[in-house]
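Visitor: I'm new to this one. Could you walk me through a few spots?

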Amino acid sequence: MTRNVIIDCDTGMDDAVALLLALRSPELNVLGITCVNGNVGLDHVVNNTLRVVEHSGKDVPVFAGHSTTLMHAGEEDAAAVHGKDGLGNLPFPAPKKTVEKEHAVDFIVRTIMEAKEPIDWITLGPMTNSAMAIRREPRIVDNVRMLTMMAGGVNAGNTSVMSEFNVYFDPEAARIVFDSRIPKTMVPLDPLWAGGILTEENLQTIKSAADRNSWCGMASQIFAKTLATMLELGRIRDDERRYVSPPDLLAVAVAIDNSIVELKDYQVFIETAGEYTRGMTVVDRRRFTHLGVDKDRQKVAVALAADQQKYSKLVLDTWLNS
Ligand SMILES: [Ca+2]
């Protein structure tokens, strides 16, 4: 059965391919895409999102949200990885489609409150819009079936030693979301090092459909650019097998079919202070959780490892057969 979903993103390169997967998936009916400041500034994010929607062959409304974080200003963006415009400065044409007038947070609140059945929600960027929506209308948490988030790390971070970019960028916002009662699945960095990749063979298959499907064409160009950037930044060694592991793509794949990952329920806390650990997702893995600081706190389903075969099959089937 098709599930209705809202996606919040900060469209850089991995959001772009993630959106293409969601938009082409027969399992998901994307009601709208909301944009937030993150990988690059909000104007670029909106522009990128509109270009992605056009390449998807679907027509879905796009909404602009918050252009700053809740508390701290001047966080460093991720243009070093995603390019100045957030889409690798690739020559995708300017969008014909335009952004909606309604603010992203208004759209989120209205859509969730009006939904007849609890809907799905996916966040692929910093959680500024999501936190503001929960603050604006706390009742929305009761009408969400599952919030799937690309967020955090269990054993390590990326932006800092223990902090992943989306949480690190706006930890206060992440804390509001993680402290809420909303049912949550967290897709952290860890499964990207344990099966959550697309192999060079997978990328060839996608490329072979580039002329036929505009979404495969766009994804192919983004993957090629991602590989080039990873090599340039020394994140893949010359002698290593080529692969990509876009975090947001895995998160959307999990939202479509969570059986592609191993999930474990944990209490998760967001560090907003910390000399070295601001923005860390503190995952309580103690055996005796009755000693936890808040024993009634709702647990989060945390993805720990992915089944590479099932993951790549889901992506390839969706893009090649839709
Ligand atoms: Ca993102």
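Guide: Happy to. Keep in mind that this is a predicted model. Ask away.

Visitor: How are helix α1 and helix α10 oriented to each other: roughly parallel or roughly perpendicular?

Guide: Look at α1, residues 13–24, and α10, residues 247–256; their axes are 7 Å apart and the packing angle is about 25°. Angles under 35 degrees count as roughly parallel. That is why α1 and α10 come out as roughly parallel.

Visitor: And which hand does the crossing of α1 and α10 have, left or right?

Guide: In general, packed helices are described by the angle between their axes and the distance between the axes. For the hand, follow α1 as it passes α10: the crossing is right-handed.

Visitor: What classes of residue make the contact of α1 with α10?

Guide: From α1 you have Asp14, Asp15, Val17, Ala18, Leu21 and Ala22, and from α10 Pro247, Asp248, Leu249, Ala251, Val252 and Ala253. Sorted by class, the contact has no polar residues, three charged ones and nine nonpolar ones.

Visitor: Now the strands. Which residue in β11 is the bridge partner of Met186?

Guide: Start with strand β6 (residues 184–187), which runs parallel to strand β11 (residues 300–306) and is joined to it by two bridges. Find Met186, then hop over to its partner in β11, and you land on Val302.

Visitor: What about Asn89: buried or exposed?

Guide: Asn89 is in the loop between α3 (79–82) and α4 (104–114). It has a positive phi of about 55°, although Asn89 is not a glycine. Asn89 has 12 inside 10 Å, so it counts as exposed.

Visitor: Which residues is Glu100 in contact with, leaving aside its neighbours within four places in sequence?

Guide: Glu100 also belongs to the loop between α3 and α4. With 15 other C-beta atoms within 10 Å, Glu100 is partly exposed. Leaving aside neighbours within four places in sequence, its contacts are Pro61, Val62 and Phe63.

Visitor: What separates the C-alpha atoms of Glu100 and Leu124?

Guide: Along the chain, Glu100 and Leu124 are 24 residues apart.

Definitions and conventions: Residues numbered from 1 in each chain as written. Predicted model: local features only at pLDDT ≥ 70, side-chain atom pairs only at ≥ 80, totals over all residues. Axes fitted to C-alpha atoms, helices over the stretch in contact; angles between N-to-C directions. Helix = DSSP H or I, 4+ residues; strand = E, 2+ residues; numbered from the N terminus. Parallel < 35°, antiparallel > 145°, perpendicular 65-115°, else oblique. Left-handed = near helix turned anticlockwise from the far one by under 90°. Contact = placed C-beta atoms within 7 Å. Nonpolar A, V, L, I, M, F, W, Y, C, P; charged D, E, K, R; others polar. Pairing = 2+ DSSP bridges. Buried ≥ 20, exposed ≤ 12 C-beta atoms within 10 Å, placed from the backbone.
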